[in-house]
Amino acid sequence: MLLGTGGTIAGQAADASDNVGYTAAQLSIADLTHGLAGPEGMVLVAEQVAQIDSKDMDDGVWRKLLARVNELLGDESVKGVVIAHGTDTMEETAYLLQAVLNPAKPVVLTGAMRPATAVLCDGPQNLADALAVAAWPGARGVMVVFAGKIHSALHVQKSHCYQTDAFDSGDAGPLGVVEEANCRLWQPWPVTGNRSVLINALLKPARWPRVEWLTSHGNATGRLVWDLLAQRRLQIQSGADGDPVRGIVVAGTGNGTLSEGLIQALEEAQSQGVEVRVCSRCARGRVVSGGAATVFDTLALPPAKARLALMLDLVARA
Ligand code: SIN
């Protein structure tokens, strides 16, 4: 099953030589897969779930995608799911699907760095590779297949803003590669198990808990946190449906260290019932607990995934 959500893979530019001045999410998944021969013995069925630039991903689209993938995974005739997705938030969607669905079947996300109109567009090969991985015996879990590499949802991150080999699994490395429709694995397929009990809560039409993500930096005063707390107070006092902040994830410097101003503001946030988690803004490595960051609980995830992890934690405690 192929699901379309938009992205650059479905993007169009006015000029075939233009790799950056395009509009994402213009072509349907049916357009993108027209004439594409899937792996042998597999019938390709394409379905449009959304049509967005993934920078605009929101809880509504995630909920729709979670619901549809969950349904498809329960269908015996479905061997695997391939999702065409914008690259900008692909790692977030991959993490969310893995954390909630933990699928024993393969769910493979892919996309492109160049629009479908580009002379040397990368989308068709990525799509063919994703289908090959989804059809591979034993493949399971949520993965990102991009530029010939197979990444697990847990470790994958977008690491380049322009090049076609835009994804990386950091210190963990990719699970393997896909070459001419053959998978060569460097590591075993992800271990998968049961679906999270949170699925029902997440599929309800209610709002998911609001979690903000901030970064510590030179001259970080904590002012943004104080502003968030002031806004939260007003929202709670007025009783208006203003979605007060429930959690804050801070990408700290180095091993999760924070400026003194941020520490004070976050301690106040925590005392007012806002959950605080710290991770690292470093592109490589994960916070090692026991250091300066232990003023607050830490998450050994990059910030975009840590934000979702805290949101899921808040749903679990609701
Ligand atoms: C997007 O994330 O939807 C646009 C950028 C991309 O797909 O590379």
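## Briefing on the predicted model

A181 has its place in the loop between β11 and β12. This is a predicted model, in which local features need pLDDT of at least 70 and side-chain atom pairs count only at pLDDT 80 or more, while totals for chains, interfaces and linings use all residues. Residues are numbered from 1 along each chain as its sequence is written, and side-chain values use heavy atoms, with hydrogens and water left out. Helices (H or I, at least four residues) and strands (E, at least two) are DSSP runs, numbered from the N terminus.

- Most residues other than glycine have a negative phi.
- Phi of A181 is near 70°, a positive value in a residue other than glycine.
- E180, found in the loop between β11 (176–179) and β12 (182–185), has a positive phi of about 50° although it is not a glycine.
- E180 is exposed at 76% relative accessible area, whereas A181 is partly exposed at 44%; buried means under 20%, exposed over 50% and partly exposed in between (1.4 Å probe, protein chains only).

**Nonpolar cores**

- A nonpolar core is a set of buried Ala, Val, Leu, Ile, Met, Phe, Trp, Tyr and Cys residues joined through side-chain atoms within 4.5 Å.
- The largest nonpolar core has 51 residues, and L3, L66, I83, L96, L202 and M311 have the most contacts inside it.
- Helix α8 (residues 303–317) gives the most to this core, with eight residues.
- A second, separate core of 21 residues includes A112, L131, V178 and C183.

**Aromatic pair**

- F146 and F167 form a tilted aromatic pair, 4.8 Å centre to centre with 50° between the planes.
- Rings of Phe, Tyr and Trp (its six-membered ring) pair if their centres lie within 6.5 Å; planes under 30 degrees apart count as stacked, over 60 as edge-to-face and the rest as tilted.
- F146 lies in strand β7 (residues 141–146) and F167 in strand β10 (residues 167–168), so the pair ties together parts that are 21 residues apart in sequence.

**Salt bridges**

- The count comes to 14 salt bridges, each being a side-chain nitrogen of Lys or Arg within 4 Å of a carboxyl oxygen of Asp or Glu.
- D313 and R277 meet in one of them (3.1 Å, N to O).
- D313 lies in helix α8 and R277 in strand β15 (residues 275–280), so this pair ties together parts that are 36 residues apart in sequence.
- A network of salt bridges links E275, R277, D313 and R317.
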